[in-house]
Amino acid sequence: MNTHIIKSLFFVLLFSIYGSVVQAASDATDEIAKYREMISDGNPADFDEMRGENLWKKPSGPKKVSMQKCDLGKGSGIVKGAYAELPKFFPDTDRVQDLESRLVSCMTTLQGIPEKEITTKPFGGDNYKPDIESYVAYVVGQSKGVKMNVSLNHPKEKEAYEIGKRIFFYRAGPYDFACATCHTQDKIRIRMQDLPNFNKAKDSQAAYVSWPAYRVSQGLFRSFQWRLNDCFRQQRFPEPQYVSELTIDLAMFMARNANDAIYAGPGLKR
Amino acid sequence: MMKTKYAVGFFIALIGCPIAALAGDKNDALDAKVISIIKRDFHDKGIARLDRINQDSVQAMCTQYLNNPPIVDMERLEAEQEKAIKWPADGKYMGDWKAGEKLAQSGIGMTWSDKPDAIPGGNCYNCHQLSAKEISYGTLGRSLLHFRAQFSQIRSGEELQRYVYGHIYNAKAYNLCVKMPRFGHLGILTEAQIKDLVALLLDPESPVNKQ
């Protein structure tokens with residue numbers, strides 16, 4: 001599918017919303033739902049999934065090894081259902097890892113790629129598509145339909161969750177914002193963007209299982225680390241380090257709160 | 001009787017909430033670890049410098065008590081915040097509502113993707129409805145449409161102007177953990193800009209109040 005056509009279709013719809021005066025709120029949501037339906041036979045993220053699957057099987061990096069032996073938590077080489085159990089504690093690295101941090105581990109140890117090479121520019125742009133994002137698309141796609149089952153059995157998993165929760169409520173910066181400022185009330189929005197209430201299981205589940213996602217307004221596939229990064233930007237905070245403990249713990253808080261929902265990504269967002 | 005019933009209902013609603021709140025599970029060792037992670041895992045980007053993650057007394061208090069601090073602490077800090085408000089030296093609170101409307105519309109400023117010389121906007125429409133014409137408004141804050149009429153029963157004249165100026169300068173002087181940024185106190189907007197916004201909310205001719 002041509003992403004340019006998708007993009008312009010989206011903006012035509014958006015403008016028709018803005019043109020149609022008042023009623024605004026629910027209409028915008030409806031229009032986006034309508035738009036989703038129109039292209040539901042093909043999420044452009046499908047291409048990222050395919051690209052990721054091909055890359056996954058291809059020998060690469062200094063060691064010329066594929067990612068096929070990567071252990072995402074269910075054993076070496078098992079991709080199916082792995083994302084629905086992440087983040088989790090990994091004995092070999094002795095820490096809790098989310099998908100992207102685990103991919104970095106595999107790329108450095110299996111393929112011999114220097115970590116800096118992966119983590120300095122981890123998010124794609126107009127003419128730039130890092131491999132790790134395609135891996136993400138492929139791996140999460142392999143959990144579609146699987147029930148979220150994130151464990152807090154290991155003490156480090158429990159601790160990660162508790163730290164993540166505290167980061168979620170941490171207010172600071174020139175606007176005094178925390179994640180909680182925008183995400184702990186029902187049915188509110190910033191301009192036209194609905195804000196999920198992460199104090200509620202239902203909202204937490206719906207949001208988490210629809211990420212990572214293809215962002216129509218940007219014409220790009222975006223990972224969960226990207227989502228957190230962009231919310232910290234809106235929060236007027238400095239930038240969080242990619243796959244740092246800070247981001248993993250926050251992801252743990254969000255993922256665990258989504259337990260029992262059926263994973264549905266990659267999603268499709270405005 | 002009714003009162004107890006409500007109180008009990010509220011309590012159950014809190015317990016029934018699937019995500020445990022912070023207050024009540026205080027843990028000093030863990031809190032210290034959180035701070036060290038926050039200090040370690042952020043870095044400067046553009047204008048968003050690392051020092052932004054250091055909390056002042058208001059931010060720390062509101063974080064610790066999940067925006068619901070003990071009344072004595074709340075009142076003490078509100079008074080401190082109010083004392084720090086810099087009121088206009090010329091005693092005038094109303095500027096130009098047209099400039100105010102532009103500022104209210106602008107949501108730019110203070111993020112790491114904003115240019116250092118970009119003038120921060122008010123972000124008001126991000127959270128509030130203000131004029132009837134603008135349909136793309138947020139609902140995180142309440143509607144300020146017909147603000148003059150909304151307030152005419154409670155306050156008027158210079159007292160109302162002063163209230164609005166103070167609220168934009170530092171909303172936390174009135175309600176410590178309110179979600180609204182402290183535009184004057186933290187240097188986001190200038191005195192002249194705040195006056196323009198006061199005029200937007202109070203001038204009878206502004207799109208907030210007209211018709």
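A salt bridge is a side-chain nitrogen of Lys or Arg within 4 Å of a carboxyl oxygen of Asp or Glu. By this criterion, the structure holds 28 salt bridges over all chains. The model is a predicted one, in which local features need pLDDT of at least 70 and side-chain atom pairs count only at pLDDT 80 or more, while totals for chains, interfaces and linings use all residues. Residues are numbered from 1 along each chain as its sequence is written, chains are lettered from A and ligands numbered from 1 in the order in which they are written, and side-chain values use heavy atoms, with hydrogens and water left out.

**First stop: the two chains**

Select chain A and colour it by secondary structure. Helices (DSSP runs of H or I, at least four residues) and strands (runs of E, at least two) are numbered from the N terminus. Chain A has eleven helices and eight strands. Of its 270 residues, 57% are buried, where buried means under 20% relative accessible area, exposed means over 50%, and partly exposed lies in between (1.4 Å probe, protein chains only). Contact means heavy atoms within 4.5 Å. Among the contacts in chain A with a separation of 6 or more, 66% are between residues 24 or more positions apart.

Now select chain B. Its secondary structure comes to nine helices and one strand, in the order α-α-β-α-α-α-α-α-α-α along the sequence. Buried residues account for 43% of the 211 residues in chain B. Of the contacts in chain B between residues at least 6 apart in sequence, 56% join residues at least 24 apart.

**Second stop: a helix of chain A**

Select residues 201-209 of chain A, which form helix α9. Which residues of this helix are buried? They are A:Ser204, A:Ala207, A:Tyr208 and A:Val209.

**Third stop: where the chains meet**

Display both chains together. In this interface, 61 residues of chain B are in contact with 53 residues of chain A. The size of an interface is often given as the accessible area lost when the parts come together. Buried area is that loss (1.4 Å probe), summed over both parts. Between chain B and chain A, the buried area is about 4,900 Å², and carbon and sulfur atoms give 58% of it.

There are 33 residue pairs in polar contact between chain B and chain A, both residues being at pLDDT 80 or more. A polar contact is a pair of N or O atoms within 3.5 Å; within protein, one must be able to donate a hydrogen and the other to accept it, and residues adjacent in sequence count only if both atoms are side-chain atoms. On the side of chain B that touches chain A, the elements that give two or more residues are α2 (28-41), β1 (42-43), α3 (57-64), α5 (97-105) and α6 of chain B. Helix α2(B) provides the largest share, nine residues.

Strands pair if DSSP finds at least two bridges between them. Within β1(B), B:His43 is the bridge partner of A:Glu239.

**Fourth stop: charged pairs**

Side chains of opposite charge can pair when their charged atoms come close. Seven salt bridges are counted between chain B and chain A. Select B:Arg40 and A:Glu245, whose side chains meet in a salt bridge (3.0 Å, N to O). A:Glu245 is partly exposed, with a relative accessible area of 28%. B:Arg40 also forms a salt bridge with B:Asp41, the closest N and O atoms being 2.7 Å apart. B:Asp41 counts as buried because its relative accessibility is 6%.

Finally, select B:His128, in the loop between α6 (124-127) and α7 (147-151) of chain B. Is B:His128 buried or exposed? It counts as buried, because its relative accessibility is 14%. Its side chain reaches the backbone oxygen of B:Arg142 at 2.7 Å. Not counting residues up to four places away in sequence, the residues that B:His128 touches include B:Tyr137, B:Leu144 and B:Met180.

Definitions and conventions: Buried area = accessible area lost by both parts, 1.4 Å probe.
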